[in-house]
Structure formats: structure tokens, C-alpha cells
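Dear colleague,

Please find below the structure that I am handing over to you.

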Amino acid sequence: MRSWPVSEHFRAGDRVRVRTGDPPGHTRVPRYVRGAVGTVVESQGRYPLADERARGRAAVPPEPVYTVRFAACDLWGSGDHSVTVDLWETYLTGDADDR
Amino acid sequence: MTADHHVDATVSQRVRRLESLLEERGIITAGELEDAIETFLASSTPLNGARIVARAWVDEGFKSRLLADANEAIRELGLSMGGGLQEQRLKVVENTASTHNVIVCTLCSCYPIALLGPSPGWYKSEAYRSRVVRDPRGVLGEFGLELGDDVAVTVWDASAESRYMVLPRRPAGTEGLAESELLGVVTRNGLIGTAAV
Amino acid sequence: MSRINDVGGMQGFGPVPADLDGPPFHADWESHVFALNRALIRRGIYNLDEFRDAIERMPPADYLAASYYERWLAAITTLLDEKGVVGDAELAGV
């Protein structure tokens, strides 16, 4: 039973890894960042998780959403640009050590 | 075009039938949709974005406030992100000599429509959504925008509840223009990042 | 499972149709679909995330073949049918 994050877990500058889940329904994790490591740019505030809202649930508790920056090179092996993706805390882990 | 007209006629009938059924059930009222469309198009336009940019160019204090909390700052111009279903967080990202920003929503084409009105057709295309995160310089090149190697590109994928707008760089040669004259300098593509301004 | 809408980094879609600009709505039905979606969400028939989910559940071939507002219409009618507001059969007039 997963518990909802009650406080902001990450801060600007933290390295985070996007979970490698493969959810069966609606989610807002683009395929191209699953499993990738990025850096938190900022927290955007708290919003109900889209995955849960899409199930028609009205009372979904808000949780932090973060702007996370990824280097194109880390995502695709090439490219000199960066991509930021807005990710709910549920999508992230602090387990960002290189493997 | 003939094919489009044929499809349109069928779809158009389907939409009209759907509206009739919903009106019968008291879910919508006759004329309600037309009124809503008119109100929306009148209040949500790229000119709002141009006003914000022009003010930021002439007023450093406003620019700082805009970059720190855009929802609050745009109220100074009588603008708001509240024209839609709920007030969304607006994030304005600044182009500089060393950084160029470009906006996308790869998952569906989210866009700050409450402020700027509907997004351009190309912004919604699979071609744009798929390629700009992977090859932004290539995509910008297709729009006629070439960036130097010394300019870093950041692509912002609006995957959650924030909506993004680019603050383009003020072009050289506009120093003598008044704020109202600067409005005409800003294009919709500049606010998305597929044009320099 | 990833869905057809999740196209970031996918290849094969060709050049960006940069000339695809013009009016926000190409036909009245498009503007009506736009406004209808907002009205239905405001009335709590479904929420925005359910709407996005319904678009994503389109069979991939249908999704890619549909225009932007055709996708919206498909999602709206799917949700209205699933929620028992307007059935597919009665919409088709059978």
C-alpha cells in the first residue's frame, strides 16, 4: 500500500531517477524519460496525480510536481540540448546513483 | 479538399446531433456553446503574450516579477490564467544570449490557451511533438531559425499542470520603440520558441 | 503500456507542418467540440484527465488518422457512452 508523499521530498539541484514503471492506464511520464536520471530545477506546487484523476476519482490528494532537467545525451546518447519534463513526485525516486 | 468537406459534413452532423441530445437532457443550453466560443476568442489571444513581453522588455522590475511568479505578475496588466477550467500555473522562460528555449507538450499539445488562445496547428502535430525534444535545432531550422553553437537549447515538455511561454530577446534596433510599438515585434512563434521573437 | 499519444522521440512523422497555421478552428463543428468539452467538464460529467485518457485509448491507427478535434469528439462520445449520458447507439440514430 503506497502512502502519499506528505511533504516535499526533493529540492532544486537534487538528482532524481524517473521510475521504470509501465502503468496500464493514463500517466504523464513520457516514455523517453523512464528510468532516466535528471536534476530538479524547481518545485511547481502540489497537484492531484493525473493517473488517479483519470480513474474518475474526485478526492485525489495533491502531491508535489517538479520540473526536472535531463541532458539529451543521457536520454538518447547524443544531442547537446537539455529537456525539462514536469513530473509528479510519485514518478520519481532519489535513487540516482550511476549504475 | 473534397474529401475534407465530405468528412466535415458527416462530423458536423454528428456534433449537431450530439448537441441536440445534450440539450434535450438539460446538460447544455441552446446558444451556450456559441457564447462561450465568442468570449474565449475575444479574451485569449497572442496579443496578451505580446503585451507581457513588451512590458518585460521596458521594465526590469516587472521582468523579475514575471520570471519569479508569472501568474501574479500578469495581473499587473489586467491579464490572468483563470479564463479556462481552472487557473493553471504559468511559467515564463527567458531567452538570453547563451540560452534559447522552446516549448512542447509531447503527450498531447498542452498550451497556455487561457492566455494566448488556441495553439497553432503545427504545435499539435505528431511531427513537432516527436521531434523537437530529440532534435530541436533541426526543428528550429525548419522554421528558419538558426542558432549559434554558443547558444544552449532547452526544450520544456509541459507534461503536468504548468503552461509555458517564452520571453524572447528584445531585438537589436528596437531601443527607440515605445512599449506600444513593441507589441508588433512579438510573434506567436516567438512565444513558443520557434522564432527568435 | 505506452500509448500512441506518447510520441516524444519517435521517428517517422516527417517534417513539421510549419505552414499549418491559420484560424484556430477550421469549421464550426471544431469550435463547438472545443466549447462542448469545456462545458461537460465544468458540469462534472468527466474531468480533464479522464478526457485525455479517453483520447489515448483510441486504437493507434484511429488516433493517427484523426484530426485534432476528431480525437476530441471521439473522446467525448466515448466518455458520454461509458457514463450513460448519451449512448453510442442513440448518437448514431439507431
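**Findings on the predicted model**

The contact between chains B and C brings together 38 residues of chain B and 38 residues of chain C. On the chain B side, the elements that each supply two or more residues are α1 (2-24), α2 (32-43), α7 (121-124), α8 (126-131) and α9 (136-142) of chain B. Of these, α1(B) gives the largest share, with 9 residues. Sorted by class, the side of chain B that touches chain C holds 21 nonpolar, 6 polar and 11 charged residues.

Please bear in mind that this is a predicted model. The predictor assigns the complex an ipTM of 0.95 and a pTM of 0.95. For chain C the mean pLDDT is 94, and 97% of the residues of chain C reach 70 or more.

**Chain B**

Chain B contains 11 helices and 4 strands. Taken along the principal axes, the C-alpha atoms of chain B fill a box of roughly 60 × 35 × 30 Å. Chain B has 197 residues, of which 44% count as buried. Among the contacts in chain B between residues at least 6 apart in sequence, 68% join residues at least 24 apart.

The domain assignment divides chain B into domain 1 (2-30) and domain 2 (44-192). Taken over C-alpha atoms, the centres of domain 1 of chain B and domain 2 of chain B are separated by 35 Å.

One residue of chain B deserves a separate remark. Ser109(B) has a phi near 95 degrees, which is a positive value in a residue other than glycine. Ser109(B) is placed in the loop between β2 (99-104) and α6 (113-116) of chain B. Is Ser109(B) buried or exposed? Ser109(B) counts as buried because it has 20 C-beta neighbours inside 10 Å, and the cut-off for a buried residue is 20 or more.

**Chain C**

The secondary structure of chain C consists of 5 helices and 0 strands, so that the pattern read along the sequence is α-α-α-α-α. The C-alpha trace of chain C spans about 40 × 35 × 30 Å along its principal axes. Chain C has 94 residues, and 38% of them count as buried. Of the contacts in chain C with a separation of 6 or more, 58% are accounted for by residues 24 or more positions apart.

Two packed helices are described by the angle between their axes and the distance between the axes. The axes of helix α2 (residues 48-56) of chain C and helix α4 (residues 68-82) of chain C come within 8 Å and cross at roughly 110 degrees. The two helices α2(C) and α4(C) are therefore roughly perpendicular to each other. On α2(C), the contact is made by Glu50(C), Phe51(C), Ala54(C) and Ile55(C), and on α4(C) by Arg71(C), Ala75(C), Thr78(C) and Leu79(C). By class, the contact of α2(C) with α4(C) comprises 5 nonpolar, 1 polar and 2 charged residues.

How many of the 9 residues of α2(C) are buried? The number is 8, and α2(C) is mostly covered. The buried residues of α2(C) are Asp49(C), Glu50(C), Phe51(C), Arg52(C), Asp53(C), Ala54(C), Ile55(C) and Glu56(C). These buried residues of α2(C) pack against α1 (50-53) of chain A together with α1 (28-42) and α4 of chain C.

**Chain A**

Chain A also touches chain C, in a contact that takes 12 residues from chain A and 11 residues from chain C. The residues on the side of chain A that touches chain C divide into 6 nonpolar, 3 polar and 3 charged.

Within chain A, Cys73(A) lies in helix α2 (residues 72-76) of chain A. Cys73(A) is exposed, because 12 other C-beta atoms lie within 10 Å and the cut-off for an exposed residue is 12 or fewer. Leaving aside residues up to four places away in sequence, Cys73(A) touches Ser78(A) and Gly79(A). Cys73(A) and Arg17(A) are 56 residues apart in sequence and 15 Å apart in space, C-alpha to C-alpha.

With kind regards

Note on methods
Residues are numbered from 1 along each chain as its sequence is written. Chains are lettered from A and ligands numbered from 1 in the order in which they are written. This is a predicted model: local features need pLDDT of at least 70, side-chain atom pairs count only at pLDDT 80 or more; totals for chains, interfaces and linings use all residues. Two residues are in contact if their C-beta atoms, placed from the backbone, lie within 7 Å. Ala, Val, Leu, Ile, Met, Phe, Trp, Tyr, Cys and Pro count as nonpolar, Asp, Glu, Lys and Arg as charged, and the others, Gly among them, as polar. Axes are lines fitted to C-alpha atoms, for helices over the stretch in contact, and angles run from 0 to 180 degrees between N-to-C directions. Angles under 35 degrees count as roughly parallel, over 145 as roughly antiparallel, 65 to 115 as roughly perpendicular and the rest as oblique. pLDDT is the predictor's confidence in each residue, from 0 to 100. Domain bounds come from an automatic or database domain assignment.
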